[in-house]
Amino acid sequence: MAIVNERSVRLRRWRYGVNAFEGYVEEILQQLRLPFKSFDTLDEALAYKPDLLIAAICEENEENGRKLKLYAEEGGTVISYGGLNILARELGFYEEGLLGAGYAVLPQFSHPLRFLSAHPWSPSPNNNGSTNVVQTGLLHQEEPAGKESGPALLSIKVGRGTIERWSVNIAASVVSLQQGTGPVYDDGPEAQDGTIPTREGILKADDRCAMDWKYDRQTTETGMNYYAFPYADWWRDALIGHLVSVSVAKGKALPFLGYWPEGVPAVLAISHDSDLNVDDHAKATLQLLREIGIQTTWCMLEPGYSAPIYDQVKEDGHDLALHYNALEMDGGIWEEEAFRKQSLWLRRSAQIGRIPSNKNHYTCFEGWGELFRWCERYRIEADQTRGPSKKGNIGFLFGTCHPYFPISDFTEDNRFYDVLEIGFLSQDLNHPELYDATVAEPFLDTVQQNEGVAHFLFHQAHIHTHESVRQAVREVVNGAKKRGFALWTIAEINEWERSRRNVWIAGVDNDGHPVLEGAHLSFPTAVYIPVTDAEPSSDGTYETKFGVICQKYIVG
């Protein structure tokens, strides 16, 4: 599999302040370790003679159009996400106008998927319903039942091959869902029902939330509103499932690595923000965690706890993280020097060699990538800041329950930051002024279905003060254990994800076994090889993944 990410196009975009988020398809594939090679020019990609060619960023000119069509005619498969418009007329279509936000109905999903960018095609009048075209799904403008705007996917037979064109710019939509609709420089819009009061003069991660408060939330039986749909994860599944399916149709197997160690369906993480910094709050939290028998992540706000508390936290196996304070009303400021000083303070006061992760106080956030640059410079490998600051926007407000590496904007050439983002779902369930624990079950169910991370935040102050909050911690942990979740700290999630990203699936040997290169995995983990035969053999273990029967091999 080859990805075309033409540098000439990227350079031109960056010169004029335009992002090339289509390149984020590489991160989507990296998450499951699908084997691919990326090329700066179309000619280099074609010389590689790939079975599948993803035209992620490709010059829209007649020469490239001719080369891609010829590649397909000779048996290749071209895949595009909202591009290839130079070929529309020749293939019997015309371009519709660019769409902003909308919803795609896809057969494998029971709920429409929100997208942020699409460029649909419609058949030309002389197309006459060509039998060489298969249409999948349907786009709707603005809302799930909005005006129909053409198919989500066109599979167009060209000679001995196909051109597979998604109308949705999937990679860019995933970026907008996960990282927001743009840099944060002012307050975001409030929900008309008053449940998300974001206009309070504090810049936060959720000020650029790409979700729709009306269409993307559900309500529990007790009236708790929550964002229910991990759209970024669903788009990732749609993209990967399509690649695996078209590969199988060519008689080729596109192998991939499981998200977690064998036997782990998903992961629970609990973090705490020290905020008031009262030792008794910490002691109450330590006592509760000993009762339950779990390790958690403690995000420390300056001036923090007394030294003996840090000793107990470390002795009990919890990890210490930074709770960077940029909230002006609490004496904070958004600047790199403040971030540096606070990180140095934590290392010294807690006597730790490195800080594994950070979560910003009150989820304060400005700009696009400053926070990630600061984390990189001060050797903080993971961030937890992307989560709700308001009662009405808990849940999957950033569209994902998976750890991911964020992408920079055009000012840094759309590079990937070396910071693993691990967002959280809610704060302090059962707190009398927030939301009750009825959201815990749907959160855990959705995370399990998507093989992700259920990350819940509980402040030590509220654990100390409210038995109801302590009970919520017990309920969340019991619910996760009942489902077979692993209970990990943020540091452990970061270490696992980084270790599995050092494994490459080089291919499949003559006996059908996966060939791995790179690091050795610390836990046995599944590699899935899609079955290309009509019927799988009787020996071996099989699972259906992304709608395709796969043989399962345990490695590590």
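**Notes on a predicted model**

1. In strand E27, threonine 525 is the bridge partner of proline 261. The model in which this pair is found is predicted. Three bridges join strand E15 to strand E27 (residues 525-530), and the two strands run antiparallel. Strand E15 spans residues 256-261 and is mostly covered, with six of its six residues buried.

2. Next, the seven-stranded sheet. Its strands follow the order E2-E1-E3-E4-E12-E11-E9, and the sheet is open with mixed pairing. Strand E2 (37-39) and strand E9 (133-136) are at the edges; each has a single partner strand, so one side of each has no neighbour in the sheet. From one strand to the next, the twist averages 20 degrees. As background, strands of a sheet pair through backbone hydrogen bonds, and the pairing is either parallel or antiparallel.

3. At the E9 end of that order, the partner can be named. Strand E9 pairs with strand E11 (residues 153-158) in the antiparallel sense, over four bridges. Which residue stands opposite glutamine 135 in E11? The residue is leucine 154.

4. A second open sheet has three strands, in the order E7-E6-E10, with antiparallel pairing. Strand E7 (113-115) and strand E10 (138-141) are its edge strands, and each of them pairs on one side only. On average, neighbouring strands of this sheet are turned by 30 degrees against each other, direction ignored.

5. Tyrosine 103 stands opposite arginine 114 in E7. Helix H6 (residues 231-249) packs on the sheet and touches both E6 and E7; the direction of H6 makes about 95 degrees with that of E7.

6. Glutamate 96 lies in the loop between strand E5 (93-95) and strand E6 (102-105).

7. Why does lysine 390 count as buried? Its relative accessibility is 9%, and the cut-off for buried is under 20%. Leaving out neighbours within four places in sequence, the residues in contact with lysine 390 are Ile196, Pro197, Thr198, Glu200, Lys204, Asp206, Tyr362 and Tyr435. The side chain of one of these, tyrosine 362, makes a polar contact of 3.2 Å with the side chain of lysine 390.

8. Helix H1 covers residues 7-15, and Val9, Arg10 and Trp14 are buried in this helix. Seen down the axis of H1, the buried residues fall within an arc of 130 degrees, so they line one face of the helix. Just after H1, glycine 17 has a positive phi of about 75 degrees.

9. Last, the cysteines. How many disulfides does a search of the whole structure find? The search finds zero. Cysteine 364 is in no disulfide: the nearest cysteine sulfur belongs to cysteine 299 and is 14 Å away. Cysteine 550 is likewise in no disulfide, and the nearest cysteine sulfur, that of cysteine 401, is 20 Å away. For comparison, the cut-off for a disulfide is a pair of cysteine sulfur atoms within 2.5 Å. Cysteine 364 has a relative accessible area of 4% and is buried. Cysteine 550 is buried too, with a relative accessible area of 0%.

Note on methods: Residues numbered from 1 in each chain as written. Predicted model: local features only at pLDDT ≥ 70, side-chain atom pairs only at ≥ 80, totals over all residues. Heavy atoms only, no water. Buried < 20%, exposed > 50% of the residue type's maximum accessible area, 1.4 Å probe, protein only. Polar contact = N/O pair within 3.5 Å; in protein donor to acceptor, adjacent residues only side chain to side chain. Contact = heavy atoms within 4.5 Å. Arc of directions from axis to C-beta. Pairing = 2+ DSSP bridges. Axes fitted to C-alpha atoms, helices over the stretch in contact; angles between N-to-C directions.
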